Amino acid sequence: MSQDHPAPDLRRALPSVDAMLQQMGDAIVRWGHGEVSQAIRGILTQARQQLDQGHPLLVSAEALQQRVAAELQARHQPSLRPVFNLTGTVLHTNLGRALLPREAVEAMIAVATAPTTLEFDLERGERGERDSHVESLICELAGTEAATVVNNNAAAVFLVLNTLALGGEVPTSRGELVEIGGAFRVPEIMARSGCQLVEVGTTNRTHLKDYAAAIGARTALLMKVHTSNYRIEGFTHAVEESALATLARQHGLPFVVDMGSGSLVDFAALGLPAEPTVAATVTQGADVITFSGDKLLGGPQCGIIAGRKALIERIRKNPLKRALRLDKLTLAALAEVLKLYRNPTTLPERLPTLRLLTRPLADIEDQAGRLVPGIAAALAPRFQVAAVPCHSQIGSGALPVDTIPSVAIEVAPRSGDDGELRGLAEALRHLPVPVLGRISNGKLLLDLRCLAEAAEAEFLTQWSALGEVLP
């Protein structure tokens with residue numbers, strides 16, 4: 001405009017905080033007066049700064065209210081959000097590992113919304129023991145005399161060593177000094193538990209005589225760690241559990257096996273890579289076994305300790321047990337998952353972990369055929385899309401070198417620009433339900449093994465709105 005008619009100062013058109021508050025009653029009911037007031041002030045400050053910088057801006061009350069509502073929605077967005085796991089790793093540690101079956105979820109809701117018998121014995125009318133809700137189930141399935149549970153398997157190993165080996169020595173093969181996710185290492189857990197690690201054998205070969213030579217007056221127990229997250233191949237030798245169990249008995253020592261993942265069913269019978277079962281390890285002579293609940297078992301995060309009753313009772317009486325105990329939600333979920341194992345015939349269908357691992361390749365191929373056209377249309381013309389064979393990993397340190405045939409949607413930029421591909425991956429992470437894949441050799445792979453057919457419509461609908469977040 002000319003100097004005779006200067007442009008209006010839009011800052012004067014901005015409504016006051018009080019005026020906006022009067023128009024946002026529903027937001028105040030939902031989020032509270034203080035939260036809404038703070039959001040309004042923030043949006044008005046941003047608006048003034050944008051106008052000062054000469055940026056065009058809608059200053060109507062309606063437009064500003066929409067910005068405030070969006071700000072409040074974003075501020076209260078849960079940080080723990082569902083995602084589409086198309087990474088190709090079924091039990092993905094960073095994505096929460098095992099999915100729970102419907103029975104477990106319903107049990108968690110039931111105990112979360114009412115008082116429960118967590119530590120109350122209805123028959124005797126007095127204080128009970130929280131382990132009682134799962135102990136008999138674990139013993140039934142593992143073939144042990146007793147069992148207790150803590151919040152994860154690292155805690156289980158820690159508690160066992162602190163109880164049975166405090167101040168003593170624990171001979172362990174150099175080839176089994178495992179480091180698990182988050183840089184937690186078996187030697188460090190041993191040190192923190194108050195026992196002394198005695199390394200025996202070599203990285204690739206350990207013999208029974210190595211353990212025998214290490215046994216002395218301060219030896220507290222013998223321990224074997226299942227190398228579930230890596231495998232040493234070639235010129236190797238490891239001592240069988242049965243031989244170690246015999247050696248331990250000869251010296252009056254407990255024999256402890258940390259199975260890590262821990263399976264309660266024969267994976268080979270399901271057409272999956274073989275993995276030692278808990279029951280088989282018990283028959284090999286283990287006195288105490290520790291394993292995870294949220295890996296191959298397919299339940300909630302926890303650590304299970306099973307074995308001889310006398311040893312389990314000692315472990316249960318350790319004061320640290322209270323610091324590591326499970327809450328009622330986890331116990332409820334674990335109990336329902338364990339009950340599913342009583343019917344092996346229906347287990348692969350009812351337990352999500354096994355359902356995903358045993359999903360027929362033909363089903364995944366059919367799904368890819370249904371999804372590729374819609375995704376290709378959403379990404380045209382910048383990207384080319386195709387269905388390609390791939391291999392899924394079991395994940396969470398279980399069966400590290402074994403994979404399962406699967407199918408992925410392969411997305412590649414026609415320009416060959418790696419930055420464009422990474423921009424797409426970032427845009428997918430900002431969808432209402434984030435989509436997570438993996439980038440390999442200049443292409444984005446979306447492994448479909450973990451995409452439920454019931455979720456296809458929601459998954460595909462998001463691609464039509466991808467342009468709003470795609471750079």
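User: Where does Pro-381 lie?
Analyst: Pro-381 lies in the loop between H17 and strand E13, which covers residues 383-395. Keep in mind that this is a predicted model.

User: And what kind of peptide bond joins Ala-380 and Pro-381?
Analyst: A cis one, with omega at about 0°. For background, most peptide bonds are trans.

User: What about Pro-360, where is that found?
Analyst: Pro-360 sits in the loop between helix H16 (352-357) and H17. Its relative accessibility is 42%, so Pro-360 counts as partly exposed.

User: How far apart are the C-alpha atoms of Pro-360 and Leu-326?
Analyst: They are separated by 35 Å, and the two residues are 34 apart along the chain.

User: OK, back to H17. At what angle does it pack with H19?
Analyst: About 20°, with the axes of H17 (residues 361-379) and H19 (residues 456-464) 9 Å apart. That is under the 35 degrees cut-off, so H17 and H19 count as roughly parallel. Their crossing is right-handed.

User: Which residues make that contact?
Analyst: On the H17 side you have Gln-367, Arg-370, Leu-371, Gly-374, Ile-375, Ala-378 and Leu-379. H19 brings Glu-456, Phe-459, Leu-460 and Trp-463.

User: Switching to H7. How do the axes of H7 and H12 cross?
Analyst: At roughly 100°, and the axes of H7 (residues 153-164) and H12 (residues 309-316) come within 9 Å. An angle from 65 to 115 degrees counts as roughly perpendicular, so that is the label for H7 and H12. Leu-159, Val-160, Thr-163 and Leu-164 of H7 meet Leu-311, Arg-314 and Ile-315 of H12.

User: And H7 with H8, how do their axes cross?
Analyst: Those axes come within 8 Å and cross at roughly 45°, with H8 spanning residues 186-193. H7 and H8 are therefore oblique to each other, and the crossing is right-handed.

User: Which residues of H7 meet H8?
Analyst: Ala-154, Val-157, Phe-158, Leu-161 and Asn-162 do, and in H8 they meet Ile-189, Met-190, Arg-192 and Ser-193.

User: Is Thr-172 buried or exposed?
Analyst: Buried, because its relative accessible area is 0%. Thr-172 is in strand E5 (residues 169-173). Leaving aside neighbours within four places in sequence, its contacts include Met-190, Leu-197, Val-200, Tyr-211 and Val-225.

User: Now H3. Which of its residues are buried?
Analyst: Val-36, Ser-37, Ala-39, Ile-40, Ile-43, Leu-44, Ala-47 and Leu-51. They cover an arc of only 165° around the axis, which puts them on the same side of H3. In general, an α-helix has 3.6 residues a turn, so residues three or four places apart point the same way.

User: What covers those buried residues?
Analyst: The cover includes helix H1 (17-23), helix H2 (25-31) and helix H4 (61-75). The face turned away from the buried side carries the exposed residues Gly-34 and Asp-52.

User: How far does H3 reach from its first C-alpha to its last?
Analyst: It reaches 29 Å over 20 residues (33-52), close to the 28 Å expected. H3 is followed by Gly-54, which has a positive phi near 80°.

User: Which residue other than glycine has a positive phi near 55°?
Analyst: Arg-97 does, in the loop between strand E1 (84-85) and helix H5 (102-112). Asn-441 also has a positive phi, about 55°, although it is not a glycine.

User: And where is Asn-441?
Analyst: In the loop between strand E16 (438-440) and strand E17 (443-447). At 76% relative accessibility, Asn-441 counts as exposed.

Methods:
Residues are numbered from 1 along each chain as its sequence is written. This is a predicted model: local features need pLDDT of at least 70, side-chain atom pairs count only at pLDDT 80 or more; totals for chains, interfaces and linings use all residues. Side-chain values use heavy atoms; hydrogens and water are left out. Helices (H or I, at least four residues) and strands (E, at least two) are DSSP runs, numbered from the N terminus. The expected span of a helix is 1.5 Å times one less than its number of residues. Buried means under 20% relative accessible area, exposed over 50%, partly exposed in between (1.4 Å probe, protein chains only). The arc is that of the directions from the helix axis to the C-beta atoms. Contact means heavy atoms within 4.5 Å. Axes are lines fitted to C-alpha atoms, for helices over the stretch in contact, and angles run from 0 to 180 degrees between N-to-C directions. Angles under 35 degrees count as roughly parallel, over 145 as roughly antiparallel, 65 to 115 as roughly perpendicular and the rest as oblique. A crossing is left-handed if the near helix is turned anticlockwise from the far one by less than a right angle, and right-handed if clockwise.
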